[in-house]
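Open the structure in your viewer and keep the selection tool ready. The stops below say what to select and what is there.

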Amino acid sequence: MFDESDESGGFVKNLSKLAENNDPIETSLYEKYDVKRGLRYSDGRGVLVGLTRIGDVVGYEIDSTGKKVAVPGRLIYRGYSVEDIVRDTERRHQFGYEQCVYLLLFGELPTQRQLDEFTSFLGTLRTLPPNFTEDMIMKAPSSDIMNKIARGVLASYSYDPDPENRDIANILRQCVELISRFSTLAAYGYQAKRRYYDGKSMYIHNPVPTLSTAENFLRLIRSDKSYTRLEAEVLDLALILHAEHGGGNNSSLTIHVVSSADTDTYSAVAAAVGSLKGRRHGGANIRVIEMMDDIKAHVNDWSDENEIAEYLRKIARKEAFDHTGLIYGQGHAVYTISDPRAILLRDKAAELAKEKGCEEEFNLYRIIERLAPQILYEFHGDKKRICTNVDFYSGFVYTMLNIPRELFTPLFAISRIAGWSAHRIEEIVAGGRIYRPAYKNVSEERAYVPIEDRVEHDPVCPVKKDDSGVVTGGPSD
């Protein structure tokens, strides 16, 4: 019976048990109907559901016999290797994220004049609309910055003079505005959280149009607005590496699916933000940092490979850390031999570790990077080659930059909005059909029972069926 005075939520809790007991599906049915769970084949390959020109993730090749052959990982933006993009950025001593945005949106590398004009245009858009900060951020702060970003994206609809126009030029305008403002939304959402949830001082600085995305973000989250050139370069590299990762990752697929329904830009992007927030998608680097905290607390000598290896084995045996048996930051759905993002970020992290006096901790990361794949092989055999992924180093880099952990996933969003925007435009230009995959219904039809003949079932016990398939209920029967 519902009790209005029940503040413990017992009524809802009982209903939740009823829902939970009636929703499980037997694993054998997935095999029976050849369901590609998670849109993946049994060997981990993604089911082909679309075509794209935006990005590619390469971890294996098919030889002349049709067999998969693992190769060093490659990340491709519009046909160009991200490694070449990074090397050229370093050679020119310029920030490169804005060039990646241009490339992903328009499919071509910009000339210096085009890049300067586009970067300047992005800079002019970083300031939020009048009263937006006060009304949409400060009046409704959130303990989670990703939720604050999603709300900011949806609220942007109300500040757009033409939000429903589906012309490509208008959608491009909306996307460019969001790309420019994501760093401001995240930084201001963080400042509001500091004030209203953490009881700390709040600093609202204005963006500077002439600064890069990386520079502006560091400026906005710090009370003194200061940062070093190397700090901004490292963050810029992280933004480049996270800007796009093929159409098959969960958040990019989300924006394709939602855009295919012919909805507005803000609804589609907010859905992608919600996807990225998920702990199985954008929050992995936080789990790495938590694991590393645990390792540092239990390993006395950070240079002793035997001691480190033994503790990693304890983690793999589910005897330490979170008892899942997972060594976070290891393995990837596509990359097998190497994750190119991890290599590039690791090399830059070495420079930052030297500047910050974190070389001992960096060496610990390097040892674990070398040992973890071997230890996982001991436990799981050669089912799949394991390599260190970008999440292993990104959290360490953000920590050295003194970026709070609650901003790790928002940083991912600040970068990935570039890829999302490109995928939204691609879906509208080249898609043309609403996504409508099939689900096999495995429930049985039942005779309708008049309300006076119904029997209440104990929500703690799942509903049962007898040999005839008739519902018999739980022990209360």
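Start by selecting Arg229 and Glu233: both lie in helix α10, 4 residues apart, which is about one turn of the helix. Helices (H or I, at least four residues) are DSSP runs numbered from the N terminus. This is a predicted model, in which local features need pLDDT of at least 70, side-chain atom pairs count only at pLDDT 80 or more, and totals for chains, interfaces and linings use all residues. Residues are numbered from 1 along each chain as its sequence is written, and side-chain values use heavy atoms, with hydrogens and water left out.

Arg229 forms a salt bridge with Glu233, and their closest N and O atoms are 3.0 Å apart. A salt bridge here is a side-chain nitrogen of Lys or Arg within 4 Å of a carboxyl oxygen of Asp or Glu. Arg229 is partly exposed at 40% relative accessibility, and Glu233 is partly exposed at 23%. Buried means under 20% relative accessible area, exposed over 50%, and partly exposed in between (1.4 Å probe, protein chains only).

Next, stay with salt bridges, of which the whole structure has 34. Select Arg92 and Asp88, whose closest N and O atoms are 3.0 Å apart in a salt bridge. These two are separated by about one helical turn because they are 4 residues apart in helix α3 (residues 82-92). Arg92 is buried at 19%, while Asp88 is partly exposed at 24%.

Then select Glu310 and Arg317, a salt bridge with its closest N and O atoms 3.2 Å apart.

Move on to Asn249, in the loop between α10 (229-242) and α11 (250-260). Is Asn249 buried or exposed? Its relative accessibility is 13%, so Asn249 counts as buried. The side chain of Asn249 makes a polar contact with the side chain of Arg416 at 3.4 Å. A polar contact is a pair of N or O atoms within 3.5 Å; within protein, one must be able to donate a hydrogen and the other to accept it, and residues adjacent in sequence count only if both atoms are side-chain atoms. The Asn249 side chain also reaches the backbone oxygen of His245 at 3.4 Å.

Finish at the cysteines. The whole structure has 0 disulfides (pairs of cysteine sulfur atoms within 2.5 Å). Select Cys100: the nearest cysteine sulfur, that of Cys175, is 17 Å away. Cys100 is buried, at 0% relative accessibility.
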